[in-house]
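Look at the sequence and the structure first.

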Amino acid sequence: MVEVPTLTTERFTMRSLRRGDETAMFPTMADEQQSLYLTRPKFESEEELWGWFAAPDWPGRTWIAMDASGEVAGRFVAGPGHGGDDTHGPVFEIGYIVVMHRQGEGIARECSEALIAHLWTEGARKITAEVDTRNTPSVRLLESLGFTREAHFREHDATHIGMCDVYWYGKLRSE
């Protein structure tokens, strides 16, 4: 298992995934609208969500953002990205979801900035993100974080709502 160091921001502590986090995230992940841009349909149970969060074959890392009161605010991930060999530094792909009753508070921005800064310290040469083209809030976030839209893949992902187009974003360490 890859180490998940604790990260801190002005308002949040980002720690490794723990059993019980699925309970806090379930209302969001079980909501049809909130799950619209996942490649799978909404979750039907906390146990199903835990199985997805803690899948032993997933090679990435998960951070859970908690505020000062201990309330879970979101899930942030970094996994191996696509970018050839790691000769000049690894490529990571990031993802995020904020609990629905806390969206609009700048949580995704604050915690993504901390995650990106951490990945640079690990020697990343590039960070990527894949996003459904219809997910306007995520597109805006990535662009405001300095990511560049590198590709538009048409009918790229087969999802629970059919084929969807995706944008591929990248941010180079040198930028």
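## Helix H4: two faces

In this predicted model, Pro137 and Arg140 are exposed and sit on the face of H4 turned away from its buried side. The helix spans residues 136-144, and its buried residues are Ser138, Val139, Leu141 and Leu142. These cover an arc of only 165 degrees around the axis, so they lie on the same side of H4. An α-helix has 3.6 residues a turn, so residues three or four places apart point the same way.

## Tyrosine 167 in strand S8

Tyrosine 167 belongs to strand S8. Is this residue buried or exposed? Its relative accessible area is 14%, so tyrosine 167 is buried, the cut-off being under 20%.

Leaving aside neighbours within four places in sequence, tyrosine 167 contacts Ala129, Glu130, Val131, Thr133, Val139, Arg149, Ala151 and His152. Val139 is also one of the buried residues of H4. Threonine 13 is 154 residues from tyrosine 167 along the chain, and their C-alpha atoms are separated by 30 Å.

## Nonpolar cores

The largest nonpolar core has 31 residues. Within this core, Met14, Phe76, Ile94 and Leu115 have the most contacts. At least two core residues come from each of S2 (12-16), S3 (61-67), S4 (72-80), S5, H3, S6, H4 and S8. H3 gives the largest share, 8 residues.

A second core is separate and has 14 residues. Met29, Leu49, Ile64 and Ile97 are among them.

## Helices H1 and H2

How do H1 and H2 meet? H1 covers residues 21-29 and H2 covers residues 46-53. Their axes come within 9 Å and cross at roughly 105 degrees. The two helices are therefore roughly perpendicular to each other, a term that takes in angles of 65 to 115 degrees. On the H1 side, the contact is made by Glu22, Thr23, Met25, Phe26 and Met29. H2 brings Glu46, Leu49, Trp50, Trp52 and Phe53. By type, the contact residues divide into 7 nonpolar, 1 polar and 2 charged. Met29 and Leu49, both in this contact, are also included in the second core.

Which residues of H2 are buried? They are Leu49, Trp50 and Phe53. These cover an arc of only 100 degrees around the axis, so they sit on the same side of H2. H1 and S4 are among the elements that cover them. Leu49, Trp50 and Phe53 also take part in the contact with H1.

## Arginine 40 in the loop

The loop between H1 and H2 holds arginine 40. Its relative accessibility is 19%, so arginine 40 counts as buried; the limit is under 20%.

Which residues does arginine 40 touch, not counting those up to four places away in sequence? They are Ser35, Glu48, Trp52 and His160. Trp52 is also part of the contact of H1 with H2. Tryptophan 58 is 18 residues from arginine 40 along the chain, with 16 Å separating their C-alpha atoms.

Technical notes: Residues numbered from 1 in each chain as written. Predicted model: local features only at pLDDT ≥ 70, side-chain atom pairs only at ≥ 80, totals over all residues. Heavy atoms only, no water. Axes fitted to C-alpha atoms, helices over the stretch in contact; angles between N-to-C directions. Helix = DSSP H or I, 4+ residues; strand = E, 2+ residues; numbered from the N terminus. Parallel < 35°, antiparallel > 145°, perpendicular 65-115°, else oblique. Contact = heavy atoms within 4.5 Å. Nonpolar A, V, L, I, M, F, W, Y, C, P; charged D, E, K, R; others polar. Buried < 20%, exposed > 50% of the residue type's maximum accessible area, 1.4 Å probe, protein only. Arc of directions from axis to C-beta. Core = buried A, V, L, I, M, F, W, Y, C linked by side-chain atoms within 4.5 Å.
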